[in-house]
Amino acid sequence: MTQDMEMNEAQAPSNSAHSVSAPPTLQHLKEIASLIETGAYAKEVRRILRSVRLTIMLRKNLKAATLSAFLNFALAPGSDAHVKLSSYLPMEDEGDMDVDTASSTVQVPATYSLPEIEIYCYLLVLIFLIDQKRYDEAKACSSASITRLKSINRRTVDVLASRIYFYYSYSHELTNSLSEIRGNLLALHRMATLRHDELGQETLLNLLLRNYLHYNFYDQAEKLRSMVLRLEAHSNPQFCRYMFYLGKITTIQLEYTNAKESLLQAARKAPKAARGFRIQCNKWAIIVRLLLGEIPERTVFMQKGMKKALTPYFELTNAVRIGDLELFRSVADKFSTTFSSDRTNNLIVRLRHNVIRTGLRNISISYSRISLPDVAKKLRLDSSNPVADAESIVAKAIRDGAIDATIDHVNGWMISKETGDIYSTNEPQIAFHSRIVFCLNMHNEAVKALRFPPNSHKEKESAEKRRERQQQEQELANHIAEEEDDDF
């Protein structure tokens with residue numbers, strides 16, 4: 001299997017002998033423990049990162065009996081960690097006895113005493129409790145793991161700690177108690193900063209932003225984001241999350257251009273397997289583009305796996321494109337539940353002005369002269385004095401440059417000017433410049449994302465090592481999409 005092939009090179013110096021009769025999941029967990037031990041002794045963070053990815057692949061096969069057997073193998077019996085973690089696991093029943101009782105007769109006594117192994121055990125039990133929907137116990141387990149992490153300061157623990165932080169916040173979110181841990185998250189971020197744990201800082205900043213945005217504290221989130229020093233991204237999922245939260249904050253603050261760039265970048269960089277995250281990014285990006293006066297392409301709504309989720313926003317886009325205020329109201333009422341769950345209701349209220357402006361632009365193109373009562377009728381204004389409202393709307397659109405027209409107040413007409421040649425203006429140049437900037441930014445990001453093997457300029461690898469490395473890289477590439485799905 002892939003896990004076996006990837007971890008042949010990472011046998012631990014003191015735990016290379018495992019029972020052949022051990023069940024597959026337990027055997028893989030032992031090999032992952034050996035990989036973590038090797039990475040801890042060699043101080044290679046990439047091995048710890050690989051162990052987390054391999055654990056994600058085993059997540060669906062975790063059972064209480066398997067975890068109990070692994071805890072007996074990895075932790076010293078009677079230790080604080082062993083006692084705490086064992087208390088969260090249910091007693092073995094008949095359905096879990098397929099863990100192979102024969103392997104227990106040859107169970108290797110616990111020899112691991114590394115903090116990395118202990119934190120990894122906390123992570124395993126925490127993932128198991130969340131998957132079993134035992135959220136209260138998961139919350140207690142995550143709090144215990146955070147207490148243990150505060151006393152450990154090792155670079156090889158940082159990767160495992162970042163996952164613990166994520167599930168610590170997630171377990172409290174599932175129990176509707178996010179506000180209780182805001183102070184702890186701030187203290188953890190301060191601790192990660194003092195310890196120069198850059199991955200921890202990145203993860204905790206995103207968790208704090210999510211915490212604030214969950215309660216609609218956009219001002220506090222922006223103050224925190226502006227005051228925290230933003231480091232170079234160490235994790236693509238964390239970078240995508242940061243850009244998404246930044247896009248939401250700037251959208252609420254009416255900075256639509258910056259919000260559009262952030263949201264589109266988050267959706268573009270997110271892995272294909274993280275479909276839910278990409279759907280949320282696209283929903284907010286569609287609203288922001290509509291607020292900017294743009295109409296998203298149809299292909300945005302027809303992406304694989306997103307068509308059903310983006311249907312309400314497709315109908316909303318159609319109403320804005322046509323400029324039909326009545327259709328816009330009906331769509332907003334029809335999908336009000338969806339918009340409320342997506343927290344885009346306030347943004348959709350802002351779109352009403354864009355719908356009116358689009359309808360007015362269509363009227364100015366179609367008619368060289370039209371009376372203001374007819375304008376109010378075509379716009380379907382539902383106010384007490386629609387003619388006066390139509391006149392003020394037309395005057396504001398003319399002042400903002402949305403339409404090229406004049407108002408004849410004596411006769412009550414809107415007179416449109418003749419449309420000129422767009423190629424005689426600067427609009428083609430502006431559009432071409434924006435495309436060039438986009439391509440240059442993409443090239444710069446690709447260059448920054450290049451990674452090279454460590455010490456490649458100092459030592460030359462043999463043909464056998466090169467084949468082994470290429471094989472491992474190919475296996476990781478085949479599973480990277482599934483592995484990163486859990487990060488979202």
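How many of the 19 residues of α2 are buried? In this model 16 of the 19 residues of α2 are buried, so this helix is largely enclosed by the rest of the structure, where buried means under 20% relative accessible area, exposed means over 50%, and partly exposed covers what lies in between (1.4 Å probe, protein chains only).

This is a predicted model, in which local features need pLDDT of at least 70 and side-chain atom pairs count only at pLDDT 80 or more, whereas totals for chains, interfaces and linings use all residues. Residues are numbered from 1 along each chain as its sequence is written, and side-chain values use heavy atoms, with hydrogens and water left out.

**Helix α2 and its surroundings**

Helices (H or I, at least four residues) and strands (E, at least two) are DSSP runs, numbered from the N terminus. Helix α2 covers residues 24-42 and reaches 27 Å from its first C-alpha to its last, close to the 27 Å expected at 1.5 Å a residue; the expected span is 1.5 Å times one less than the number of residues in the helix. Just after α2, lysine 43 takes a positive phi of about 55°.

Isoleucine 36 is found in helix α2 and is buried, with a relative accessible area of 0%. Leaving aside its neighbours within four places in sequence, isoleucine 36 is in contact with Ile48, Ser51, Glu116, Ile117 and Tyr120, contact meaning heavy atoms within 4.5 Å. Leucine 49 is 13 residues from isoleucine 36 in sequence, and the two C-alpha atoms are 8.9 Å apart in space.

**The nonpolar core**

In soluble globular proteins, nonpolar side chains tend to be buried together. A nonpolar core is here a set of buried Ala, Val, Leu, Ile, Met, Phe, Trp, Tyr and Cys residues joined through side-chain atoms within 4.5 Å. The largest such core has 130 residues, of which Phe70, Leu85, Tyr165, Phe328 and Met414 touch the most other members. Helix α6 (residues 115-131) gives the most to this core, with 13 residues. Tyrosine 165, when residues up to four places away in sequence are not counted, touches Ile146, Leu149, Leu188, Met191, Gly200, Thr203, Leu204 and Leu207.

**A sheet of three strands**

Three strands form an open sheet in the order β1-β3-β2, with antiparallel pairing; two strands pair if DSSP finds at least two bridges between them. At the edges stand β1 (369-371) and β2 (405-408), each with a single partner strand, so one side of each is left without a neighbour in the sheet. The twist averages 20° from one strand to the next. Four bridges join β2 to strand β3 (residues 413-416), and isoleucine 407 stands opposite methionine 414 in β3. Helix α20 (residues 372-379) lies across β1 and β3 and runs at about 80° to β1, where axes are lines fitted to C-alpha atoms, for helices over the stretch in contact, and angles run from 0 to 180 degrees between N-to-C directions.

**Salt bridges**

The structure holds 17 salt bridges, a salt bridge being a side-chain nitrogen of Lys or Arg within 4 Å of a carboxyl oxygen of Asp or Glu. The table lists some of them.

| Pair | N to O distance |
|---|---|
| Arginine 268 and glutamate 445 | 3.7 Å |
| Lysine 269 and glutamate 445 | 3.8 Å |
| Arginine 289 and glutamate 297 | 3.3 Å |

Arginine 268, which forms a salt bridge with glutamate 445, is partly exposed at 38%.

Lys260, Arg289, Glu294 and Glu297 are linked in a network of salt bridges.

**Helix α14**

Helix α14 (residues 275-291) has 17 residues and reaches 24 Å from its first C-alpha to its last, close to the 24 Å expected at 1.5 Å a residue. This helix is mostly covered, with 14 of its 17 residues buried, and α14 is followed by glycine 293, whose phi is positive, near 90°.
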